[in-house]
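The sequence and the structure are shown first, and the description follows.

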Amino acid sequence: MTLRSVHKSAIALLLGLSLTACSGSGQAPATGAGAIELVETTPAATGDVDTVTWALPSGEPASLDPARTGDYSANTVGTNLCESLLRLEPDFSTSPGLASAVTQKDPTTVVITLRDGVTFWDGSPLTAGDVVYSLKRNMDPKLASYAAHVYASVTTIEATGPLEVTVKFKTPDVQFIPDLAGVPGSIIQEKFATKAGQAFGTASGGLMCTGPFQLGTWTSGQKISLKRYDAYWDTARKAKAATFDFVFLTDSSTLTSALLSGEVDGVYGAPVGSIAALQRSEAGTLYFGPSTETVSLGAVAAEGPAADPKIRQALDLAIDKTSFVTSVLKGAGEPLKTFTPPLAWQGSPAKDVYDAGYAALPDTSKADLEAAKKLVAEAAPSRTDLVIATPAGDQSLLQTATIAQAAAGQIGLTVTIKQLQPAEFAGLFYDPALRTGIDLIATTGYLEVPGALYYAPGFVFSGAPFNWTNYANPEVTANLGAAVSETDPAVSAQKFVAAQAIFGPAKLQITLAGSYNRLYLNKRITGAPASFNYISTAWAALVGAA
């Protein structure tokens, strides 16, 4: 599993969002500018356009190599270039992509049937060999792919026909197929990637993929231009824009001004602080869609107060999540009970089992200071001072940490906020030494593919990469392990729910709220999905004339 930092490709917490209307639209809390309606898509485009200019609020990607794609900017651009075997739909279900079918042949065998007639941008056909190469490189420890966790149980990946690839596992892994709808299932051309070497996916090395756009010019520090691939295999989704320019605008005020003036046509992740202004604008429309993005406090210490579940539970109870949504998210979100979102299992045949398990979790959306104080007293920590780290320059996360600081003060805890430069903050996710002296981090993140089992294993299994508190519970380990290897959806869901009932209340992540997707389009264009599925699919091809 991966985590991603909001800044750069550091791993952000792939938390999820609970939605009451995941397959249509729903009504959310009102902001100062009016009620928020959730929609999955925007009106379909009526024609082609010459150029679209799109902003990347998280800045310039470090790489567009799928194996090194691990943040908002890289995914927003790269998924329009290098497609995955499956597609992620706006309701977070999956559909055929480069693979016409992916079949669980037996508990330890998955067969991938490739679509015929797909070509790379140089006109050469997509082969089973290219797919084998693309998937297997995620298993190369020297590459250190962000998707390596997806292949942890894989033993072999082989071409078993001209358009067939067979994947074998040492133990069953029911999350593997849904993962192929995201970057872990992205396909590249073996010949081009081998020749490019370490430069593959960079401004100097380039790319060779099958998507509706091909990489045009990449001007470091300024923009990345994509050019329409006219021989794209899916004629129904041929790109409507001849050129798609991504510009790097990380300052919220500058970005908002560019959107309102029409200098920039659209953006995902419109600034929260500009919601009211963008809603009032006659230059375009601000859409809100279902999302798996969240805001949380993550415990990163194996010792000290944050390593104690009672202290984490106390902090959780001390923060009023409903007020948090209003003050920080400006109403564009809602409280969430735990880090695995209901949106993750909406397409599962065992949806009812997952829904019931989620409903049974404690609701801590309202603050309960007396219960929080009691937990602190029971914990009797050796120290009552904690440090929360935030990335410098992110005002929403600074506000999040400040709210946590005030809430902690009401229950007998003292919180110091430590702002780190983005690169240093990103390093916290990789380097234990950098976490010394830090108890919690304020962060945001997202789940990029469907499946209840994508997130939890990385936090609860002993030795897992993000089990920073050394959490250990034999019952959780047994049930979650059984859920991962159980190919019967209902039984797998039951095992997951049994594990979640224990690790959920332990607050391994203090999930404050889910954040709705924020999409702004000026009035000359339309067609972009409003759902957060854009993070894993070739969305830009749909954008055209309004």
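Thr-119 lies in the loop between strand S7 and helix H2. The model is a predicted one. The side chain of Thr-119 is joined to that of Tyr-229 by a polar contact of 2.6 Å. Not counting residues up to four places away in sequence, Thr-119 touches Ser-124, Pro-125, Leu-126, Cys-209, Thr-210, Tyr-229 and Ala-231.

**The sheet around S7**

Strands of a sheet pair through backbone hydrogen bonds, in either a parallel or an antiparallel sense. In this model, an open sheet of four strands has the order S6-S7-S9-S8, and its pairing is antiparallel. Strand S6 (99–106) and strand S8 (154–161) each have a single partner strand and stand at the edges, so one side of each is left without a neighbour in the sheet. On average, neighbouring strands of this sheet are turned by 20° against each other, direction ignored.

Within this sheet, S7 (residues 109–114) pairs with S9 (residues 164–169) over five bridges, in the antiparallel sense. Thr-109 stands opposite Lys-168 in S9. Helix H2 (residues 128–136) lies across S7, S8 and S9. The direction of H2 is at about 170° to that of S8. The loop between H2 and S8 holds Ala-144, which has a positive phi of about 55° although it is not a glycine.

**Strand pairings elsewhere in the chain**

Strand S14 (residues 284–299) is mostly covered, with 15 of its 16 residues buried. S14 is joined to strand S19 (residues 509–522) by twelve bridges, and the two run antiparallel. S14 also pairs with strand S18 (residues 440–445), in the antiparallel sense and over six bridges. Strand S16 (residues 385–391) is likewise mostly covered, six of its seven residues being buried. The pairing of S16 with strand S17 (residues 414–420) is parallel and extends over seven bridges.

The table gives one residue pair for each of these pairings.

| Pairing | Bridges and sense | Residue and its bridge partner |
|---|---|---|
| S14 and S19 | twelve bridges, antiparallel | Thr-294 and Gly-514 |
| S14 and S18 | six bridges, antiparallel | Gly-298 and Ile-441 |
| S16 and S17 | seven bridges, parallel | Asp-385 and Thr-414 |

**A pair of packed helices**

Two packed helices are described by the angle between their axes and the distance between the axes. Helix H9 (residues 351–359) and helix H15 (residues 489–503) pack at an angle of about 10°, and their axes are 9 Å apart. Angles under 35 degrees count as roughly parallel, and H9 is therefore roughly parallel to H15. On the side of H9, the contact is made by Val-353, Tyr-354, Gly-357 and Tyr-358. H15 contributes Ser-492, Ala-493, Gln-494, Phe-496, Val-497 and Gln-500. By class, the contact of H9 with H15 has six nonpolar and four polar residues, and no charged residues.

**Individual residues**

Phe-92 lies in the loop between strand S4 (86–88) and strand S5 (94–96). Is Phe-92 buried or exposed? Phe-92 has a relative accessibility of 1% and therefore counts as buried. The phi of Phe-92 is near 65°, a positive value in a residue other than glycine.

Thr-46 is found in another loop, the one between strand S2 (34–37) and strand S3 (49–56). Thr-46 has a relative accessible area of 64% and is exposed. Not counting residues up to four places away in sequence, Thr-46 touches Ala-545 and Ala-546. From C-alpha to C-alpha, Thr-46 and Ala-196 are 39 Å apart in space, and they are 150 residues apart in sequence.

Leu-215 belongs to strand S10 (residues 213–219). Along the chain, Leu-215 and Asn-80 are 135 residues apart, and their C-alpha atoms are separated by 9.5 Å. Which residues does Leu-215 touch, not counting residues up to four places away in sequence? They are Leu-64, Leu-81, Trp-121, Gly-206, Leu-207, Ile-224, Ser-225 and Leu-226.

Key. Residues are numbered from 1 along each chain as its sequence is written. This is a predicted model: local features need pLDDT of at least 70, side-chain atom pairs count only at pLDDT 80 or more; totals for chains, interfaces and linings use all residues. Side-chain values use heavy atoms; hydrogens and water are left out. Axes are lines fitted to C-alpha atoms, for helices over the stretch in contact, and angles run from 0 to 180 degrees between N-to-C directions. Angles under 35 degrees count as roughly parallel, over 145 as roughly antiparallel, 65 to 115 as roughly perpendicular and the rest as oblique. Contact means heavy atoms within 4.5 Å. Ala, Val, Leu, Ile, Met, Phe, Trp, Tyr, Cys and Pro count as nonpolar, Asp, Glu, Lys and Arg as charged, and the others, Gly among them, as polar. Two strands pair if DSSP finds at least two bridges between them. A polar contact is a pair of N or O atoms within 3.5 Å; within protein, one must be able to donate a hydrogen and the other to accept it, and residues adjacent in sequence count only if both atoms are side-chain atoms. Buried means under 20% relative accessible area, exposed over 50%, partly exposed in between (1.4 Å probe, protein chains only).
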